[in-house]
Structures are given as structure tokens and as C-alpha cells.
Amino acid sequence: MAAFSTLLKSFVRNANLVKNGAAVSNNLLRPNTSNALEAVRKMSGHEMMHIKPSRWSWNRFKDLLNFYVMLGVIPATVVITYINLFIGPAKLAEIPEGYVPEVHEYYAHPITRWMTKHIKKSYQQEYEVMCQHIYETDYARKLRIAEKRVHQKMQEKQDSQAYYYEPVTGRNERHIKSMLEKSVDYVGTR
């Protein structure tokens, strides 16, 4: 639209209008130099500025709507139109012997086939995900039961060390002692 208004302005500037059979130069877009130096003062008028709510959010909404329509809707429409005109729906044909068709090959429209192949999970994938979920919940249940039995046995016999007890070895103690000596050498005091 901006290009058309620029072209229109340049056309109107250079055009010679015909009025009553005589060519007249166009002064529509040129400023009137005779009135340019007149001072206009309207101080006694009672014209007031009308307070209106801001239209900034509405204008911003329109700008963003226009942007996203240009960004998403128009390219999607072009792609869908291209697919419908030049590729078209699949035609039914005999399945060759020994060939097992995939799930996405049963759909006729190319966009549906693409979405089924790349976006949607197949029934087999959904079944395997469900089986894995069942296996994990069952394993967690068995783990909780085993932990409960260990606690019960520890409570019955009361002859074991604490549940979270980790035995201390001389190796760990020697390592801690050497680290302490290194830090004392580095800092200089004990």
C-alpha cells in the first residue's frame, strides 16, 4: 500500500490537469506560500481537548494479529493449496506380496499421512509406553513392600545397626586425615 501512495503522489505532482479545455498545472500537493507567513492565534476560543481512552493496546493487538497472520496463516495456506493442487490424495492400489504397510500409509491425504508419521504416536508405541508405565509402577510397589519388610524385621530382632548405617573403614579415615594435613599445610595453622 505504501508503494501505491508513493506512486500516486509522484503521478499527481507531474500531471497536468485539464480544466475547461486548457491545461492547468497541479498545485494540490505544494504548500501555499502566500499564507505561509501569517500567524494564526486562536486564544479566545473554547475548544477543549477531549479526553479519550488510549487506543494503544487495540493498535498493538491489530499489529500483532497482522504480523502473525502474515507469518503463519499465509504460508500455511500456500503450502496446503500446493499440496492439494499438485500432490492430491493417494490412490488405492494393490499391496505387493510380502509388503507390510505402515500405519501412516492407510490415510489418503498427504498432510494427514505426514502428521500420522511424524507427530502422532502409533498404537504400538502407545501400547509399549503404557506397558513401561505399568512395569515401573509395579516395580516401585514391590520396592516399597520390600522396604517395609526390612523395617519390620529390624524392629522384630533389634540386633542390627541402623537402617542407613554405613560402616567406617580405615581407608576413608586415612584419606580424611591426609586431606586435613594438606589443608593445614596450605593455611598454616591448626
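**Close-ups of a predicted model**

**View 1. The largest pocket holds about 310 Å³ of space.** Its lining is made up of 14 residues, and the ones closest to the centre are Lys91, Leu92, Ala93, Ile95 and Glu105. Sort the lining by class and you get 10 nonpolar residues, 4 charged ones and no polar ones. Keep in mind that this is a predicted model. As for how a space like this gets found, rolling a probe the size of a water molecule over the atoms shows where empty space is left.

**View 2. Here is the whole protein chain, for orientation.** The chain has 5 helices and 2 strands. Starting at the N terminus, the order of elements is α-β-β-α-α-α-α. How much of the chain is buried? Buried residues account for 5% of the 190 residues. Now take the contacts between residues at least 6 apart in sequence: 12% of them join residues at least 24 apart.

**View 3. Tyrosine 82 and phenylalanine 86 form a tilted ring pair.** A pair of aromatic rings is described by the distance of the centres and the angle of the planes. By the pairing rule used here, the count is 4 aromatic pairs. For tyrosine 82 and phenylalanine 86, the ring centres sit 5.1 Å apart and the planes meet at 45°, so this pair counts as tilted. Both residues belong to helix 2 (residues 56–87), and because they are 4 residues apart there, about one helical turn separates them. Tyrosine 82 counts as partly exposed, since its relative accessibility is 49%. Phenylalanine 86 has 61% relative accessibility, so it counts as exposed.

**View 4. Tyrosine 135 and tyrosine 139 form a stacked ring pair.** How far apart are the ring centres of tyrosine 135 and tyrosine 139? They lie 6.4 Å apart, and with the planes at 20° the pair is stacked; the cut-off for stacked is planes under 30 degrees apart. Is tyrosine 135 buried or exposed? Tyrosine 135 is exposed, because its relative accessible area of 52% is over the 50% cut-off. Tyrosine 139, with a relative accessible area of 49%, is partly exposed.

Note on methods. Residues numbered from 1 in each chain as written. Predicted model: local features only at pLDDT ≥ 70, side-chain atom pairs only at ≥ 80, totals over all residues. Heavy atoms only, no water. 1 Å grid on protein atoms, 1.4 Å probe; cavity = no way out; pocket = protein on both sides within 12 Å on 5 of 7 lines; lining within 4 Å. Points joined across faces, edges and corners; volume = space filled by probe spheres on them. Nonpolar A, V, L, I, M, F, W, Y, C, P; charged D, E, K, R; others polar. Phe/Tyr/Trp six-rings, centres within 6.5 Å; stacked < 30°, edge-to-face > 60°. Buried < 20%, exposed > 50% of the residue type's maximum accessible area, 1.4 Å probe, protein only. Contact = heavy atoms within 4.5 Å.
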